[in-house]
Amino acid sequence: MAEPDSTERWARALRELWRAAGEPTGGEIERQGGRQRPRVRVTSSSWSEWRNGKNVPADPDAARFLVTYLRARARTRTPSYVAPDDAWWERTWRSARAERSGKGGRPATAHHTPPAEPVPRVREGVVPRAADCFQQREAAARLTAAVDESGTVVLTQVLLGMGGVGKTQLAAAHARRAWAAGTQVLVWVNAATRDGIVTAYARTARRLGLPLAEPDDPGLAAETFLTWAETTDRSWLVVLDDVRRPADVNGLWPVADTSVGGRVVVTTRLREAALSGSGRRIVDIGVFTAEEARAYLTAKLPAPQDPSELAALAADLGHLPIWLAQAAAYIVDDGSTVPAYRRRLATQLLARSVPGPDSLPDDHERIASATWELSIGHADRTDPVGLARPLLQLAAVLDGAGIPQTALTSPPALDHLTDSRQRGAAGSPDHPRRGEETAVDAAAVDRALRVLHRHSLLDHDRNATHQEVRVHQLIQRATRESLVAGGDAGPESLTRLVRAAADSLLHRWPETAPGELGPVLRANAAALRDTSGAALFARDTGAHPVLTRAITDLGRTGQVGAALTASQGLADACLRHLGPEHRSTLAARNNLAYWQGEAGDTAGASTAFQELVSDMLRVLGPDDRDTLSARGNLARCQGLAGDAGKAAATFEELLADTLRVYGPDAPETLTTRNNLAYFRGLTGDAAGAVAAYEELVSDHLRVQGPDAYLTLVSRINLTRWRGEAGITADAVPAHETLLADVVRVLGPDAPETLITRRNLAFARGTAGDTAGAAAELEGLLADQSRVLGPDHPDTLTTRHHLASWAGQSGDLAGAVAALRALLPDRLRVLGADAPDTLVTRNNLAYFLGMSGDAEGAAATFRELLDDRLRILGPDAPDTLTTRANLAAFQALTGDRAGAVVALEELLADQTRVLGPDHTGTLSTRNNLAHWLGEEGDAAGAATALAELHADIVRAHGPDSLLALKTRSGLGRWLGEAGDQTGAVTTLEALLADQVRIQGPDHPDTSATREQLERWRGRE
C-alpha cells in the first residue's frame, strides 16, 4: 500500500531541489522540456501544480526530467545541497501516482479545489515619504481633477516645473491616495535614465506573474508589462519621476487611451513637445501661492507667529517650497524667530555666482545662496560640530538621486572629512572644537547625516539599500558654488573634494561583479565626472582610475557600445587636460582600442593598437610596463580577429621581453605565458596548449598559491584545453572541482565562475551527456542575463552554445531556429563583421545542411566565405575552415568531384599557411580519404587513413580526438575493402582506448561498439 503522504513528500522535496537550483521559472522549465528528445511535456501551470502538491507528473519521463534538470542546476548554485538519490525519487513518485489513481493510501478525491483567492495587489518602487507638514496645494487639486474628469479613461498627467517647486511630493501624495483608494498595481519609477524605467517595468511584470517568453530579458519583460497595462481590467498607476530626456521614454509610455483603469503621472523640468503628445495633459507646477506658503510656515513653526512676518518671509524666499522648508528647519532647530532669520537672510549674499544649466529665474539665485548658507552654517554648529558642511560638500559632487552611505564612510572619505574638519577648526578662532580631537568615524558620519536631514539639506533613509542619501540638485549646486566662491582656496578645495570622492567610490567598488550596487556606483562616477571639470586630471598622477573603473564595469555588463562611447570621452578628456604624450592619454587610447575590438571592430582595433604601440615605443620606451601591456593587447586583438598564428608569434616575442624585464615569476610574465598557451591552442596545437598550461599552473601554485586569481584562470584554461585535446575521461569531475574552488574564492556571479560553468557544460556535452550540457547552459544563461545583461557578448555566446548542443543532440530544427533568433542580436550588438557574428552564421549554415538542406547550407557558406575573405583575407584560419565546410556540403549536394578538387586546393593552402601538422590540415586529409572511399576506392581510403594516423600520432599523440576519429574511419574502410579481420582488430583496439579516454558511455564509444558488431557479423 502506498504511503499516505507521498504526494506531499514528493512536492516538498521538489520545492527544496527547485530552491537549490535557483528557482527557475516555469517558462524556463517548459522550454528546457521542449528541447528534450523525445520532447517532455511540461507547462508552467503543470509545474506549479506539481511544485505545490496539487498533482504529480503522470509521465515518468517528465518526473525524471524535472529531477535531472533541477539537480544539474543545483550542483552549481548550491553545492552544499544533497538531493535524494534516483531510487528515492522513483519510489516516491510511484507512491504518489498510486495515491492520485485511488489505488491505495489517500484517495484521489482528497484534493478539493480551494475557493478562488483574491488577486494580490502589487506595489513596485519606493514612493518618497511625505515632507513634514505637506500642504494640500491648489496644484494637487488640478492634478486630481484632471485624472477624474473623464471617469475611468486613462489620462497621462505631466507635472512640469522648475527644481524645488515640489513636483515629486505632489506625485507621491497622489500615489499614496490612489493606493489607499484601492488601486491594485502601483509602480513608482526613478525615470532619470531609460535603464531605470525598463528595470522597474520588468520587475513589475515578474511580480504580476505575467508569462514571459524570455524571463531574463528586461526589455521584453517591460514590453510585456506595457501590453498588460493596455489590456487589463485591473486598476493601475505608473509614476515616472524626474524624466530628464524625452528619448528615455520613447516606446515606454503606458497606453493612455484603451486601458480601463490605468493612470500615468510624470514629473519633469523639461518643457518639450515630445512630452505633451496625444492623450497627455501638462499640469504646470509653480511656487507656493501666498496662502499656501503662509499655511506651510504656520504648520511648521511654533505658535504663535505674526501673519505679516510669515508673509514677508515667504516673499523673501520667493515662495519656493524647498527654501521655505530649510528656513523653517533652521528657525526651529536654532530656537530663533522669524524676524531674526529675515535679518540674517538679508546679510547673506552670493560671493560668486556660477550659472549652470539649472539656473533659477529672477531673484532665486540670491535666495538660494542666502538660504543655503544660513542652513548649512547652523547645521555645521550642531553636534558633531564642523562635520555637516564637509559632508554635504562630499555629497554635492556625487549622484543626488542616490548615494551609498558606505561611500561616505569609506577610509578615503573619513580621511577627507577629518582633514576638512581640522581645517575648519584651525581656521576659525570661534570654532567650538578648536584644538580638540576632530577625527571622524562612521558613527559620526551617520549622526551628521541625521543633522543634515533635520535641516532639510538632504534626505537620509537608512532602509534604502545602496541609496541611503539623496540630495536635491539645487542644494548640490548651491553647495558647489559656495565652495568655488571661497576665494583663492576655492579651486584647490574643490580638487581635494573631488579626488576624495573619487577615492571613496573606488574603494567601495567590488573587485568582482558588483550586482545591484554596480548601476549606483556608475551613476555616482558619472555625476562626479560631470561636476569635476579638470579636477580628476593632474599632470603628476594622471586621470583618476575611477574613470576607467566605471567604463570597465559598464562594459562587463554587456553595454559594450556604451563603454566604447565612454572610452572615447575619456580619451578626449585626457588629450584636452593632459596632452597627447601623457601616460594617462596613452592608457586611455589603449582602453579605447580594447573596447573597439570588443564592439566587433577587430580590424580597427588592431590598427589602433599598432599606432598606439608605435607611439608608446617612442614616448615611453620598449621596456615600459604600458608599452608591454599594449603589445599584449595588440597580440590578443590579432588572435580574436582570426589570426591565432600571428597572435601566438607576437606573444612569443613578448614573452622574451617580459622575462628580461620582469623575471620568470612576475605576474606579467605568467600572464603572457597564459595568453601564449591559449593562442597556441587556437592554432590547432591543443596538446601543446595542455603541456604549457600544466607547467603554468605548477608555477602559479608555487609562486602565488592555489587561491590566487591568476592560478584559477590558468586552471580554467587547462581544463578547457584538456577537453579540446580529447582528454575527456575525467573532464566533468575536474571541472566540478574547479568550479567549487572558483565559486569559493571569487563568488557565484564572477565572470570567471560563469566561464567555468560554460566549460563544465561543454565537458558534459563532449562526454555524451547532451541533456546535462543543455541543462547547465540553460541555468547559466539565466544567471548571465541577470548578472551581465541579455546583450553581453558572453550571454550571446551561451545562447550560441545552447543552440549548438541542441543540434548535436538531434534537435536540428530547434538549433536552426535558435541560431536564426540569435543572429539579429549579434548583428545588433557586435556588428556584421565581428568574429562571433561570423561564427553564428557558420553554425547556422552547418545545422541547416545537417537538417537536410545541403543546397541552402552550401549557398550560406559561399556567402560567409565571401565575407571572411573580405574581412580576414584568404590565409586566415577561419577562412580556410569555411572553405572546408563549403566543400563538405558541396559533396552532399552531389558534386563530389567538385568537392574533392576544392579539398585538394584547400590542402595545399593549409599546408603552406598552417603547416602539415596543423589539425586543420590533417582534418582535410581525413575528409579527402573519406570521399575517396565514397567514390568506390575503399582500399585507397584505408591506405590514406593509415598514413594520416601515423602523422597524427607523431604530431599530436595517440589519444587526440583526431587520432581516434581517424582510426574509426580506418576500421570502416578496411572492412569496406574486404579486410573484415583488419577492421575488427582495428576497432577492438580503438574501443579499448575510447573507453579509457572518453568513457564507456560516450557517443563515439557507442558508435565504435556498433560498428565493431557489424564487422564481427561479417567475418
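Modeller: Let me begin with a term: a contact means heavy atoms within 4.5 Å. Among the contacts in this chain between residues at least 6 apart in sequence, 68% join residues at least 24 apart. Please keep in mind that this is a predicted model.

Biologist: Thanks! What makes up the secondary structure of the chain?

Modeller: The chain comes to 44 helices and 10 strands. Buried residues make up 52% of its 1019 residues.

Biologist: Why are β1 and β6 said to stand at the edges of the sheet?

Modeller: Let us look at the order of the strands. Six of them form an open sheet, running β1-β3-β4-β5-β2-β6, with parallel pairing. β1 (122-124) and β6 (280-284) each have a single partner strand, so one side of each is left without a neighbour in the sheet. On average, neighbouring strands here are turned by 15 degrees against each other, direction ignored.

Biologist: How do you know that β4 and β5 pair?

Modeller: Pairing calls for at least two bridges between two strands. Strand β4 (residues 235-243) and strand β5 (residues 261-268) are joined by seven bridges, so they count as a pair, and they run parallel. Val 238, for example, stands opposite Val 264 in β5.

Biologist: And what makes β3 a partner of β1 and of β4?

Modeller: The test is again at least two bridges. β1 and β3 have three bridges in the parallel sense, and Glu 124 has Val 187 in β3 as its bridge partner. Between β3 and β4, which run parallel, there are six bridges, with Val 185 opposite Trp 236 in β4. Both pairs therefore pass the test.

Biologist: Why is β3 called mostly covered?

Modeller: Buried means under 20% relative accessible area, and five of the six residues of β3 are buried. Helix α8 (residues 194-207) also packs on the sheet, touching β1, β3 (185-190) and β4. The direction of α8 makes about 155 degrees with that of β3.

Biologist: Why is Arg 868 called buried?

Modeller: Its relative accessible area is 3%. The cut-off is under 20%, so Arg 868 is buried. Arg 868 has its place in helix α37 (residues 854-872). Leaving aside residues up to four places away in sequence, Arg 868 touches Leu 838, Val 839, Asn 842, Gly 873, Asp 878, Thr 879 and Thr 882. From Arg 868 to Asp 878 there are 10 residues in sequence and 7.4 Å in space, C-alpha to C-alpha.

Biologist: What makes Cys 574 and Cys 637 buried?

Modeller: The same cut-off of under 20% applies. Cys 574 has a relative accessibility of 1% and Cys 637 has 5%, so both count as buried. As for disulfides, a pair of cysteine sulfur atoms within 2.5 Å would qualify, and a search of the whole structure finds zero.

How values were computed:
Residues numbered from 1 in each chain as written. Predicted model: local features only at pLDDT ≥ 70, side-chain atom pairs only at ≥ 80, totals over all residues. Heavy atoms only, no water. Helix = DSSP H or I, 4+ residues; strand = E, 2+ residues; numbered from the N terminus. Axes fitted to C-alpha atoms, helices over the stretch in contact; angles between N-to-C directions. Buried < 20%, exposed > 50% of the residue type's maximum accessible area, 1.4 Å probe, protein only.
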